[in-house]
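Look at the model below together with its sequence.

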Amino acid sequence: MKQLLLSVILIISSFTVNAQLKAYQIFDKEGKEVTFEEMSAQLESYNVVFFGELHNNPIAHWLQFELSKSLAKAKDNQVIFGAEMFEKDNQLVLDEYLKGLVKEAVLIKDGKAWDNYKTDYAPLVDFAKEINAPFFATNVPRRYASLVAKQGLDTLKTLDKKAQKLMAPLPIEVPFDLPSYKEMEQMMAGHGMKGKAKNFVCAQAIKDATMGYSIAKAVKKNKNKMMIHFNGNFHSKDHEGTVWYVNQYYKKANCAVISFVQQADLSKLDEANKGKNEFTIVCNENMTKTF
């Protein structure tokens with residue numbers, strides 16, 4: 001009897017530990033818990049799916065990979081990919097890698113791959129290569145965003161026409177009234193950069209606009225395929241940023257947004273993380289980081 005009681009206690013203890021170690025939970029727009037399979041199935045009706053990640057979170061990168069496989073299978077591999085992590089002037093070497101013309105080391109060096117490429121983004125690129133799916137470098141070259149942060153948006157007009165082809169068409173509208181842009185402007189002003197706070201918003205906008213334009217152009221060209229785009233959460237949360245620009249450049253775009261956040265409690269979605277996203281993935285804030 002004592003042995004049976006001890007076994008029951010151990011089983012209950014095991015369940016308790018497992019509950020405490022839960023890594024993530026997915027919530028829909030209404031704050032209802034959903035499974036990964038339910039989320040994937042509901043996303044099938046969209047032609048653009050944004051996965052707003054936390055760059056250093058291993059759960060985010062794992063779920064990106066699993067979702068890519070799931071949606072590709074559901075769409076009979078009629079999918080295309082895009083990512084903030086590749087800039088538009090790196091498209092050529094990215095294409096060469098996808099075609100098997102150059103090795104990964106060349107892509108990493110000449111494509112200015114992020115330091116965490118091999119662990120976090122290589123699986124996505126290699127999956128696209130495996131199923132022969134296009135992978136688009138959607139972001140503006142960082143030197144131009146840096147230029148805007150220092151000198152303002154109008155400085156882009158002074159660039160060579162070849163440089164201007166690596167960004168969204170000029171002039172670029174900046175929706176300063178978007179809550180996320182207001183948040184950024186206030187944050188930068190609070191860090192002693194009040195005079196140049198709008199420049200930082202414009203630098204964010206040139207990234208968002210270029211990604212939005214790149215996505216819209218790719219989706220128009222591949223009308224029967226779903227675009228899956230990977231970017232930092234701030235770029236797409238609440239259908240702002242990059243998503244806002246996609247809707248300006250392509251009115252027929254049907255966009256779904258996944259927002260990835262961290263919380264101490266996974267049992268419910270914090271008020272601060274509720275929004276207009278189709279799905280929010282909440283990860284345990286104690287999760288280890290990739291860098």
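C283 has a relative accessible area of 0% and is therefore buried, since buried means under 20%. In this predicted model, C255 also counts as buried because its relative accessibility is 7%. As for bonds between cysteines, the structure holds zero disulfides.

The next stop is helix α6, which spans residues 117-130. This helix has a kink of about 30°, and the kink is centred on P123. Which residues of α6 are buried? They are Y117, D120, Y121, A122, L124, V125, F127 and A128. An α-helix has 3.6 residues a turn, so residues three or four places apart point the same way. Past the end of α6 comes N132, with a positive phi near 60°.

The largest nonpolar core is made up of 46 residues. Within this core, the residues with the most contacts are M39, L43, F51, F81, F135, F230 and I258. Helix α6 supplies the largest share of the core, seven residues.

Leaving aside residues up to four places away in sequence, L43 touches V49, L67, L71, M226, A256, I258 and F279. I258, one of these partners, is itself listed with L43 among the residues that have the most contacts inside the core.

How values were computed:
Residues are numbered from 1 along each chain as its sequence is written. This is a predicted model: local features need pLDDT of at least 70, side-chain atom pairs count only at pLDDT 80 or more; totals for chains, interfaces and linings use all residues. Side-chain values use heavy atoms; hydrogens and water are left out. A disulfide is a pair of cysteine sulfur atoms within 2.5 Å. Buried means under 20% relative accessible area, exposed over 50%, partly exposed in between (1.4 Å probe, protein chains only). The bend at a residue is the angle between axes fitted to the seven residues ending there and the seven starting there. Helices (H or I, at least four residues) and strands (E, at least two) are DSSP runs, numbered from the N terminus. A nonpolar core is a set of buried Ala, Val, Leu, Ile, Met, Phe, Trp, Tyr and Cys residues joined through side-chain atoms within 4.5 Å. Contact means heavy atoms within 4.5 Å.
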